[in-house]
Structures are given as structure tokens and as C-alpha cells.
Amino acid sequence: MKIIIKYKQLFLFKLFLSLLPYFFISILIMNALGYRYSEIMIISAMTQIIGVILNLPLGIYAEQKNRKKVLLLNNILSIIAFTLFLFEKFYLAILAAVILGISEALSSGVMQTFSYEQFPDDVTYRKYLEGSSSIQYLAISVMTIITPAILHFNRFLPIIISVAFIVFSTIFLCFIKLEKREEKQEEKITINIRTLRKGLKVSSKLNLFILLGITVTTLIMSVNSWSSILLKYHYFPLKYLGLVLFTFNVCMAIGSRIKWKKLSIVMLLPLISILLFFIKSVFTTIVLFSIFRLINGGYNNFFIGEFNKLIKNNRVVFWSIYDTFLSLFFIFADLSSGLIAQNLTVEFIYLIFGLISLLILLIYLLARKNIYFRKIKNY
């Protein structure tokens with residue numbers, strides 16, 4: 001807790017951004033504002049498309065600019081976008097979606113890099129992640145329950161609260177003192193595609209870690225996105241769904257306190273996904289989802305810490321590259337999941353994605369072992 005108090009401005013800056021009601025029930029909010037589902041899909045897709053297109057170019061731009069100023073600009077753009085939603089005009093909603101896409105692309109990599117550079121070493125950063133993540137997941141679990149009630153009270157209120165939270169976040173951002181690591185001074189100011197390609201080419205470990213991150217995060221997104229549908233498919237009473245989702249987020253909070261010692265633990269995620277295909281009991285399904293979220297919470301901190309440690313130069317840009325590929329995989333996963341659910345059953349999403357992830361993770365572990373033995377041989 002001491003480390004949270006020491007870095008309270010950074011913690012509150014990120015906490016308010018993670019609690020925006022809009023992102024919990026965006027489809028329900030858009031529907032309450034009078035948009036048809038086809039229009040909602042266009043609005044959502046527009047944000048994703050703009051994000052994918054601009055992730056890398058804006059990442060290169062942000063790498064060469066002051067991190068704090070970039071995040072301030074990101075918050076201003078978000079406020080403008082959410083304000084446009086309040087006018088209930090479809091063309092303004094499209095404009096808002098475009099601005100949100102630009103905002104997400106602009107902050108891609110900057111948020112993680114900015115946070116990482118505030119700490120003197122990796123050990124301190126990891127302690128902060130463990131402490132802050134557990135509180136953040138608990139806060140999210142509470143927001144998950146109360147957000148639908150907020151929407152029911154007034155259709156504009158979730159967006160107004162989102163704007164207010166961004167304003168609070170901006171205030172705390174302004175009070176953050178920059179304490180950049182010495183390594184930042186060694187980073188190159190001139191960035192080009194050749195430099196980035198060279199960086200990826202010489203770092204096999206970084207390439208493999210990007211593959212790991214994309215594989216596991218896509219699996220996590222797919223499993224979590226369809227969890228409510230799978231429970232409904234097993235005839236779980238929807239009136240208790242909020243309580244179950246609260247439990248899942250509490251598991252994430254507990255999991256974020258787990259210190260990973262062996263990377264092989266990540267193999268449990270695809271195995272649980274495959275197991276969910278065969279399980280028909282609602283109680284067992286909830287238990288497996290809870291275990292999945294528990295591991296999910298620990299994995300998030302592990303990946304962020306290790307990825308930042310592996311990147312030596314142009315950290316923002318490499319995070320942007322990762323986010324770009326991740327967005328593409330998310331789009332592919334969304335389309336694939338819809339087709340699988342429509343033509344087969346929801347359970348097959350867990351089986352297919354679990355098997356694919358398990359195969360790629362096995363390839364990752366074998367490739368990493370080969371790199372390790374190659375280094376020993378060279379010595």
C-alpha cells in the first residue's frame with residue numbers, strides 16, 4: 001500500500017480511466033440513445049479500424065514527443081468524443097468513433113511506457129503493478145454492477161460520468177512529476193522503419209514474446225467475451241449474472257497479487273478453455289471461469305513487466321506494433337467467434353481457440369528453449 005501512496009497521482013490517473021462506464025456497456029448505451037444494432041456495429045467498427053490504421057504512425061509520432069503532453073491530448077480527444085455522443089446524431093456518433101480511434105492509437109504504448117518510466121527499477125514497478133492492479137480490478141467489479149443501474153436511471157448519465165472521470169484523470173496527470181529512467185536518455189530520437197525492422201530481427205526473444213502476448217491475450221478476450229453467453233447457454237439465471245461477473249473481477253484482483261515464477265503456468269489458460277467445451281455443469285463452469293480470471297490477473301502484470309524489460313529503445317513504438325497486431329487478431333477472433341457460434345455451438349469457440357492457443361504456446365516454449373541452448377553453445 002505504501003507504494004500506491006507514493007505514486008498516488010499515477011495510480012489515480014490510470015484508475016479513473018479504467019472506470020469509464022461507457023466501456024462496460026457501450027452497446028447498451030448506444031442502444032438507449034436510439035441507435036439500431038447495425039448502426040452500433042458501424043460505430044464500434046469505425047473506432048477499431050481507425051485504431052489499427054493509425055496505431056503505428058501515431059506511435060512513431062508519440063515516441064518523439066513528451067509522454068505527458070501526448071496523454072493530455074489523448075484525454076482531451078476522449079472528452080470531445082464522448083461529448084459528441086450526447087447530441088444523439090448518427091453522423092456525430094461516427095465522428096466521435098473516429099476521434100476515439102485516434103485517441104486510442106495516440107495513447108497506444110504511451111500509457112504503458114509513461115507508467116514504466118516513473119519507476120527507478122523493474123522490482124519497484126512490479127510491486128506497484130501488483131498493488132495497483134488488485135485495487136483497480138476491485139473497483140471495476142463494483143462498476144460492473146452499478147453501471148447498468150446508472151443507465152436505467154438516465155441514458156445520458158454513463159457518458160456524463162465518463163467525461164467527469166476523464167477530467168479527474170487529467171487533473172491527476174497534471175500533478176505527476178516526471179522521473180524518467182536513465183535508459184530513456186539513450187533512446188534514439190530518429191525513428192524509421194529500417195530501425196524497427198532491425199530491432200525486431202536481432203531480438204528473437206522479443207519476437208517470441210510478442211507472439212506469446214498476442215496468442216494469450218486473444219484467447220483471454222475470446223473466453224471472457226463469451227462467458228455470459230456460455231452461462232446463459234447452460235441455463236444460468238440472468239438475474240444473478242451481475243453477482244457472478246463481480247466474482248470474476250474479484251478473482252482478477254486476487255490473481256494480480258500472484259507472483260509468477262514459471263512461464264509454463266500460462267499453459268493452464270488454453271487447457272481451461274478446452275475443458276469448458278466438455279463441462280455441462282453450471283457450477284463447474286463458474287469455478288473454471290474463476291480460475292481462468294485468477295490466472296488472467298497474474299498474467300497481465302507479468303506480461304507488462306517482462307515486455308517493458310525486453311524493449312531497450314523506442315518503447316512506445318514497439319507497444320504500438322504489438323497493439324496493432326493485437327487489434328487485427330481481435331477483429332479476426334470476433335468474426336471467427338460469431339461464425340463458430342452461429343454454425344456450431346458456443347462451446348466450440350472455447351475448444352477451437354483453446355487448441356490453437358495450446359499449439360502456439362507449445363511452439364513458443366520449444367522455440368524459446370532452442371534460443372537458450374543456442375546461447376549456451378555460443379558461449
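The model is predicted, so local features need pLDDT of at least 70 and side-chain atom pairs count only at pLDDT 80 or more, while totals for chains, interfaces and linings use all residues. Residues are numbered from 1 along each chain as its sequence is written, and side-chain values use heavy atoms, with hydrogens and water left out.

Let's start with helix α2 (residues 8–18), which packs against helix α9 (residues 122–153) at about 35 degrees, with the axes 10 Å apart. Helices here are DSSP runs of H or I, at least four residues long, numbered from the N terminus. Axes are lines fitted to C-alpha atoms over the stretch in contact, and angles run from 0 to 180 degrees between N-to-C directions. On the α2 side, the contact (heavy atoms within 4.5 Å) uses Leu10, Phe11, Lys14, Leu15 and Ser18.

Now look at α2 with helix α10 (residues 157–174): the angle is about 160 degrees and the axes are 8 Å apart. That makes α2 and α10 roughly antiparallel, a label for angles over 145 degrees. Here Gln9, Leu12, Phe13, Phe16 and Leu17 of α2 meet α10 residues including Phe165 and Phe172.

On to the core. The largest nonpolar core has 117 residues, and Met30, Phe82, Phe85, Phe307 and Tyr350 touch the most other members. Such a core is a set of buried Ala, Val, Leu, Ile, Met, Phe, Trp, Tyr and Cys residues joined through side-chain atoms within 4.5 Å, where buried means under 20% relative accessible area with a 1.4 Å probe, protein chains only. Helix α12 (residues 204–225) gives the largest share, eleven residues.

Terms used:
Buried means under 20% relative accessible area, exposed over 50%, partly exposed in between (1.4 Å probe, protein chains only). Helices (H or I, at least four residues) and strands (E, at least two) are DSSP runs, numbered from the N terminus. Angles under 35 degrees count as roughly parallel, over 145 as roughly antiparallel, 65 to 115 as roughly perpendicular and the rest as oblique.
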